[in-house]
Amino acid sequence: MPDAAEITDLLKATMREVLAVQCGTTGGALTVDDAAEYLGMGRTSLYKLVGEGKLTPRSNGVRPIFLRRQLDEYLSQCPTNETPTARRLAQQG
């Protein structure tokens, strides 16, 4: 029977694996599908950004991958999409 420390280590390792599968993460790199989902768009839109030079995929030897850091940078440069409520509150404040 494993002791409490072994069970804790096993649970932590299992949770890391589950999160990697559920979130599509293997550290800081995402597959094309995971990158598109992370950005909230389809694969075609992601490839369009690559074609426009706004994103640059890396290669893990077989498939293109995207660095989460680069995706976060792209998102931070996107314009904000103010909702009517946000505009009204800004005008009142």
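Entry 1, terms and model. I take buried to mean under 20% relative accessible area, exposed over 50%, and partly exposed in between, with a 1.4 Å probe and protein chains only. The model is a predicted one, in which local features need pLDDT of at least 70, side-chain atom pairs count only at pLDDT 80 or more, and totals for chains, interfaces and linings use all residues. Residues are numbered from 1 along each chain as its sequence is written, and side-chain values use heavy atoms, with hydrogens and water left out.

I looked up the helices and strands, which are DSSP runs numbered from the N terminus (helices H or I, at least four residues; strands E, at least two). The chain has five helices and three strands. Along the sequence they follow the pattern α-β-α-α-β-β-α-α. I noted that 18% of the 93 residues count as buried. The accessible surface, by the Shrake-Rupley method with a 1.4 Å probe, comes to about 7200 Å². Carbon and sulfur atoms hold 55% of that surface. I then looked at contacts, meaning heavy atoms within 4.5 Å. Of the contacts with a separation of 6 or more, 41% are between residues 24 or more positions apart.

I read axes as lines fitted to C-alpha atoms, for helices over the stretch in contact, with angles from 0 to 180 degrees between N-to-C directions. Helix 2 and helix 3 (residues 43-51) pack at an angle of about 95 degrees, and their axes are 9 Å apart. That makes helix 2 roughly perpendicular to helix 3; the term covers 65 to 115 degrees, while under 35 is roughly parallel, over 145 roughly antiparallel and the rest oblique. On the helix 2 side I listed Val 32, Asp 33, Ala 35, Ala 36 and Leu 39, and on the helix 3 side Arg 43, Leu 46 and Tyr 47. These residues divide into six nonpolar, no polar and two charged. For the classes, Ala, Val, Leu, Ile, Met, Phe, Trp, Tyr, Cys and Pro count as nonpolar, Asp, Glu, Lys and Arg as charged, and the others, Gly among them, as polar.

I found Gly 42 in the loop between helix 2 and helix 3. Gly 42 counts as partly exposed because its relative accessibility is 38%. From Gly 42 to Val 32 I count ten residues in sequence and 9.5 Å in space, C-alpha to C-alpha.

Val 32 lies in helix 2. Its relative accessibility is 6%, so Val 32 counts as buried. Leaving aside neighbours within four places in sequence, I found Val 32 in contact with Arg 43, Leu 46, Tyr 47, Pro 64 and Phe 66. Val 32 and Pro 57 are 25 residues apart in sequence, with their C-alpha atoms 8.7 Å apart.

The axes of helix 2 (residues 32-39) and helix 4 (residues 68-77) come within 11 Å and cross at roughly 30 degrees. Helix 2 is therefore roughly parallel to helix 4. I noted that Ala 35, Tyr 38 and Leu 39 of helix 2 meet Arg 68, Leu 71, Asp 72, Tyr 74 and Leu 75 of helix 4. By class, this contact has six nonpolar, no polar and two charged residues.

Gln 70 lies in helix 4. I put Gln 70 down as buried because its relative accessibility is 19%. Beyond its neighbours within four places in sequence, Gln 70 is in contact with Lys 54, Leu 55 and Thr 56.
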